[in-house]
Amino acid sequence: MQVDGSNDRPHIFFRFTSVQGFTVHAEHGHIQSVLAYPASSFSVQVGANVGDTLGVQDDMMLDDTYQLDQGTNPQRLALLAQPGGELWIAEDTDLGTPGAQLHPDCTLSLMSPDGSITEALVLVEVDADGMIAAIYLLPLVPMVAQADYVLVRSERSGARKKLAQIASVSFSRGTHITLASGAQVPIEQLQPGDRVLTRDDGPQSVRWIGQTTHRAIGGMAPILIRAGALNNENDLLVSPDHRLFIYQRSDEIGAGVAELLVKARHLVNGDTVVVQDGGFVDYFQILFDRHHIIYAEGIAAESLLIDPVTKPALPPELQEQLSAQLTSHGRRDDHGLDVQKALLDRPDAIAALKRASLR
């Protein structure tokens, strides 16, 4: 730790353990995008640290009142998780320095004037020497510019787990999962050991079912795929980054391959696929010994993928039990092409994918 005494209040720099150099490759990791603000846009208006922008936990004071600058919009921060557990900023990011290492610092609880609590993560970018280069605010719900946010709590221990929960693909309560027998069972009724039908490896046993509850707004609001949108009989409600598997009998969107993985949020069209925000949502995560494509409300969709970002979402005892299997739990080449949003940026994207799966 280094202390610079040039300011009235010492500015603290933390030295993190860092991999030497910034050469990291996407093919060896898993990219996850989040929406975040630069620390410079979130500053103390009232309190002990008035005038300061957002810092790391040791710089903060409880009861300080923060505001987000007018006209500031969240930007996409692309995270690249490496097999060893390190987080880096991916090359195609809109925020941060590509190739720099990133560390979750702490979780904040901020109270707005109406008494509601906004949770947010503080992420720290470090340079090649392990020194702080930039700080980012990742709110779990949308924030309002020039509204007062009072810092009522900060915790360092749960930051990595909170990031894992954000990144974990989830089904909502009531989603019917197809068992190996063909029966349709709500996900909340599944138990470890139940045999579920997978597209790639037939019947497979459930290893673990997780559950989290979130305010259904902003980045945690689920995506509703209405019945019939993708030849599904019933509505399907999933987390925004949940990837759906689509087999193209004809290449309607110009992907160049037949098997596609499409994020639910990239399909939103305001009609047959919408963001269902408001209230709370119960999210359920289904884990197998490998990453699989299963069937939810008749739609092929991925199970929970464990990587360095999502692994802390598992109970510690399960992480230890499954350490051998989880080492090779990453993405599979036989699950198809990850479709980029650019290929789906067309008004008839849903109709095109529906046609592609039928002819």
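In which strand is the place of threonine 107? Threonine 107 belongs to strand β8, residues 101–111. The views below are drawn from a predicted model, in which local features need pLDDT of at least 70, side-chain atom pairs count only at pLDDT 80 or more, and totals for chains, interfaces and linings use all residues. Residues are numbered from 1 along each chain as its sequence is written, and side-chain values use heavy atoms, with hydrogens and water left out.

View 1. Strands (E, at least two residues) are DSSP runs, numbered from the N terminus. Threonine 107 has a relative accessible area of 8% and is therefore buried (buried: under 20% relative accessible area; exposed: over 50%; partly exposed: in between; 1.4 Å probe, protein chains only). Leaving aside neighbours within four places in sequence, threonine 107 is in contact with Glu119, Ala120, Leu121, Arg153, Ser154, Glu155, Gly158, Ala159 and Lys162; contact means heavy atoms within 4.5 Å.

**View 2. Strand β21 and its pairing partners β20 and β26.** Two strands pair if DSSP finds at least two bridges between them. Strand β21 spans residues 259–263, and four of its five residues are buried. Strand β20 (residues 243–247) runs antiparallel to β21 and is joined to it by five bridges; tyrosine 247 has glutamate 259 of β21 as its bridge partner. With strand β26 (residues 337–338), β21 pairs in the parallel sense over two bridges. Here leucine 261 has aspartate 338 of β26 as its bridge partner.

**View 3. Leucine 237 in strand β19.** Strand β19 covers residues 236–238. Leucine 237 is buried because its relative accessible area is 16%. Beyond its neighbours within four places in sequence, leucine 237 is in contact with Phe171, Ser172, Thr175, Pro222, Ile223, Leu224 and Gln276. Valine 275 is 38 residues from leucine 237 in sequence, with a C-alpha to C-alpha separation of 9.4 Å.

**View 4. Positive phi at asparagine 231 and glutamate 297.** Asparagine 231, although not a glycine, has a positive phi of about 65 degrees. Asparagine 231 is found in the loop between β18 (223–225) and β19, and its relative accessible area of 36% makes it partly exposed. Glutamate 297, also not a glycine, has a positive phi of about 50 degrees. The loop that holds glutamate 297 lies between β24 (293–296) and β25 (299–302). With a relative accessible area of 7%, glutamate 297 is buried.
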